[in-house]
Amino acid sequence: MPGGNPRSTARIGYHPIHVMLVPIPIVCFVGTLLSDIAYAETANMQWANMSVWLLTFGILIAILAVIAGLIDFLNEPRIRDLSAAWIHAVGNVLVLVLSIINAFIHSRDAYTSVVPTGLILSAIVVAILLVTGWNGWTMVYKHHVAVSSEIDQ
Amino acid sequence: MRSVFVVALAAAVAITGCGPEPVNPKRQIGPHPYLPKIHQYLLPPMHLAEKEPWGNTKPTVPKGLKVQLFAKDLKNPRSVYVLPNGDVLVVEPEGPTAPPPARPKEFVMNWMEQKTHSSTKAPDQILLFRDANGDGVPEFHTLFLDHLRAPFGVVLVGNDLYVANTDAIYRFPYRTGQTRITVPGVKLCDLPAFPIDHHWTKSLTASPDGTKLYAGVGSNSNITENGLSAETGRASVWEIDRATGAHHEYATGLRNPNGLQFEPHTNVLWVVVNERDEIGPDLVPDYLTSVKKGAFYGWPYSYWGQHVDPRVKPERPDLVAKAIPPDYALSSHVAPLGLVFYNATNLPAHYHGGAFIGEHGSWDRDVFNGYKVVYVPFAHGRPSGMAEDVVTGFLDGDKMRGRPVGLAIDSHGGLLIADDVGNAVWRVTR
């Protein structure tokens with residue numbers, strides 16, 4: 001087993017691709033919840049349209065982020081040894097699956113594209129993101145996953 | 001955690017896989033259709049037929065009838081209209097260009113439109129065919145009128161020929177026997193069109209006394225997903241004063257009304273209407289109805305009378321309370337676009353007095369419905385029995401050779417059918 005911190009396999013230089021991508025789907029899915037709430041309050045279609053665009057772009061980038069994350073997860077046993085990594089990985093795959101279902105719900109026409117199923121799914125996704133985000137930070141700030149060390153350099 | 005994931009996946013599969021019990025379309029034909037519960041899909045069914053040229057084949061008609069190819073190599077023929085001297089007008093509209101997608105879903109819907117409609121680029125023009133001896137083989141045809149904009153409805157009153165472009169009705173001078181109009185039209189009134197222009201076909205007819213025109217103006221969405229403000233003046237039949245162009249909504253709540261026709265014995269206006277999608281393969285039945293002045297037929301708030309559609313907000317219980325059920329259901333997603341009453345004598349007596357309906361055919365249910373011309377018998381100005389198939393064979397298994405649209409009766413009593421995918425006009429006679 002090499003020394004130093006657990007390493008990222010999918011990286012550009014010493015920058016892990018997963019970490020560079022995840023802000024995009026996180027912001028998109030939180031934005032989906034906000035625009036869903038705005039739609040539920042106003043029934044103004046512009047909010048529902050905004051939701052489904054946010055969901056769609058969020059999903060596209062989330063797929064890339066999940067691929068990069070899984071490459072890191074599968075290629076580094078020291079990452080797989082962390083319970084935080086398991087919670088982070090399984091939770092975020094669930095986020096992706098639920099968001100894909102949510103995109104189909106949001107592709108219905110008018111009110112039932114959001115209320116109630118779409119809004120509930122958007123809220124569940126944000127709740128899971130809080131848990132997976134917390135565990136992701138645990139991986140980096142506690143276990144130094146993908147943080148370059150002098151041994152690496 | 002892993003088990004949660006498995007459960008979620010299983011749930012996703014279950015949601016996608018289950019659908020409602022199919023309903024026999026016969027239970028949805030007539031004045032009291034069976035209406036199943038609303039079913040909203042995760043992945044709505046889309047069943048598209050592959051386009052296949054007619055070649056040497058023809059549509060199928062019952063024994064005692066004959067079908068002929070009246071005109072071929074057309075470009076998206078959508079309506080046919082017969083002038084008093086027997087000349088046949090064939091309208092070739094280019095549908096309006098779809099606006100940039102408002103939602104990712106529209107990429108799929110636009111692809112679907114291309115798959116199921118004529119791929120021939122149409123010229124926005126009207127052709128004239130002359131078959132003076134009535135043998136079903138026109139002696140000649142010629143360009144009659146061009147520089148139009150997505151035309152659909154045509155009606156002649158005296159020497160005034162009216163054409164309903166998607167965005168306005170124009171009047172052109174016409175004299176019997178004329179084969180070409182080159183003078184520019186005079187605008188009678190604007191019609192709701194752009195932006196979006198979701199249901200763009202504007203049907204047109206005139207009152208029997210010739211003082212009023214009636215235009216069908218379809219909705220700008222399936223079920224208000226483009227916003228209620230996009231629906232101003234839409235989903236209605238307009239009454240237009242022929243002298244002044246003054247107009248008002250004669251009847252409302254008609255999602256996509258086409259084939260406007262006066263029943264010749266009672267002088268009552270009838271229409272066929274395309275109802276809403278995406279709440280199940282057997283909802284909502286499309287229908288044939290008389291158009292009552294001032295009546296509200298439900299769209300978007302409710303269907304078949306007071307059945308509330310949960311997709312429309314804000315709710316309007318006051319309007320739902322006013323909604324009246326239409327007269328005669330044709331079953332779900334058949335997409336009726338053509339209507340003509342048979343008041344001639346060439347066809348067998350069985351077909352006298354009733355209505356022929358051109359059903360463009362379904363795309364959003366697993367089992368195809370429509371893709372044929374049906375006959376609804378009438379007695380005392382009302383439908384009096386079960387609809388029956390008259391012209392079929394537009395589908396050949398999973399292949400689609402044509403799709404019937406507008407209908408007309410020619411001066412020798414033949415039934416003319418515009419076929420926008422087969423790029424042909426068919427003629428049915430005894």
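Modeller: Start with the open sheet of four strands in chain B, whose order is 4-5-6-7. Its pairing is antiparallel. Keep in mind that this is a predicted model.

Look at the edges of the sheet. Strand 4 (79–82) of chain B stands at one edge and strand 7 (140–145) of chain B at the other. Each has a single partner strand, so one side of each is left without a neighbour in the sheet. The strands are also turned against each other. Between neighbouring strands of this sheet the average angle is 25°, direction ignored.

Strand 5 (residues 88–92) of chain B pairs with strand 6 (residues 125–130) of chain B. Five bridges join them, in the antiparallel sense. Take one bridge as an example. B:Val91 has B:Ile126 as its partner in strand 6 of chain B. Strands of a sheet pair through backbone hydrogen bonds, either parallel or antiparallel.

Next, the chain that holds this sheet. Chain B has three helices and 32 strands. The C-alpha atoms of chain B fill a box of roughly 80 × 50 × 45 Å along the principal axes. Of the 430 residues in chain B, 47% are buried. Consider also the contacts in chain B with a separation of 6 or more. Residues 24 or more positions apart make up 60% of them.

For another view of strands in chain B, go to strand 24 (residues 372–376). Five of its five residues are buried, so strand 24 of chain B is largely enclosed by the rest of the structure. Both of its faces are covered. On one side sit B:Lys372, B:Val374 and B:Val376, and on the other B:Val373 and B:Tyr375. In a regular strand the side chains alternate between the two faces of the sheet.

What pairs with strand 24 of chain B? Strand 23 (residues 355–359) of chain B does, antiparallel, over five bridges. There B:Phe356 stands opposite B:Tyr375. Strand 27 (residues 388–391) of chain B also runs antiparallel to strand 24 of chain B, and three bridges join them. In that pair, B:Val374 has B:Asp389 as its bridge partner.

One residue in chain B is worth a stop. B:Tyr214 lies in strand 13 (residues 212–217) of chain B. Within 10 Å there are 25 other C-beta atoms, so B:Tyr214 is buried. Leaving aside residues up to four places away in sequence, B:Tyr214 touches B:Thr205, B:Val237, B:Trp238, B:Glu239, B:Tyr250, B:Leu260 and B:Leu269. As for B:Ser302, it is 88 residues from B:Tyr214 in sequence. In space the two lie 24 Å apart, C-alpha to C-alpha.

Now cross to the other chain. Contact between the chains involves 22 residues of chain A and 26 residues of chain B. On the chain A side, helix 3 (45–75) and helix 5 (83–106) are the elements that give two or more residues. Helix 5 of chain A gives the most, with 10 residues. The residues on this side of chain A divide into 16 nonpolar, four polar and two charged.

Chain A itself has six helices and two strands. From the N terminus on, its elements run β-β-α-α-α-α-α-α. Along the principal axes, its C-alpha trace spans about 55 × 25 × 20 Å. Chain A has 153 residues, of which 45% count as buried. Among contacts in chain A with a separation of 6 or more, residues 24 or more positions apart account for 73%.

Finish with a helix pair. The axes of helix 2 (residues 23–42) and helix 6 (residues 117–142) of chain A come within 9 Å. They cross at roughly 145°. The crossing is left-handed. From helix 2 of chain A, the residues that meet helix 6 include A:Phe29, A:Leu33 and A:Asp36. From helix 6 of chain A, those that meet helix 2 include A:Leu119, A:Val126 and A:Leu129. The residues of this contact divide into 10 nonpolar, three polar and one charged.

How values were computed
Residues are numbered from 1 along each chain as its sequence is written. Chains are lettered from A and ligands numbered from 1 in the order in which they are written. This is a predicted model: local features need pLDDT of at least 70, side-chain atom pairs count only at pLDDT 80 or more; totals for chains, interfaces and linings use all residues. Two strands pair if DSSP finds at least two bridges between them. Axes are lines fitted to C-alpha atoms, for helices over the stretch in contact, and angles run from 0 to 180 degrees between N-to-C directions. A residue is buried if 20 or more other C-beta atoms lie within 10 Å of its own, exposed if 12 or fewer, and partly exposed in between; C-beta atoms are placed from the backbone. Two residues are in contact if their C-beta atoms, placed from the backbone, lie within 7 Å. Ala, Val, Leu, Ile, Met, Phe, Trp, Tyr, Cys and Pro count as nonpolar, Asp, Glu, Lys and Arg as charged, and the others, Gly among them, as polar. A crossing is left-handed if the near helix is turned anticlockwise from the far one by less than a right angle, and right-handed if clockwise.
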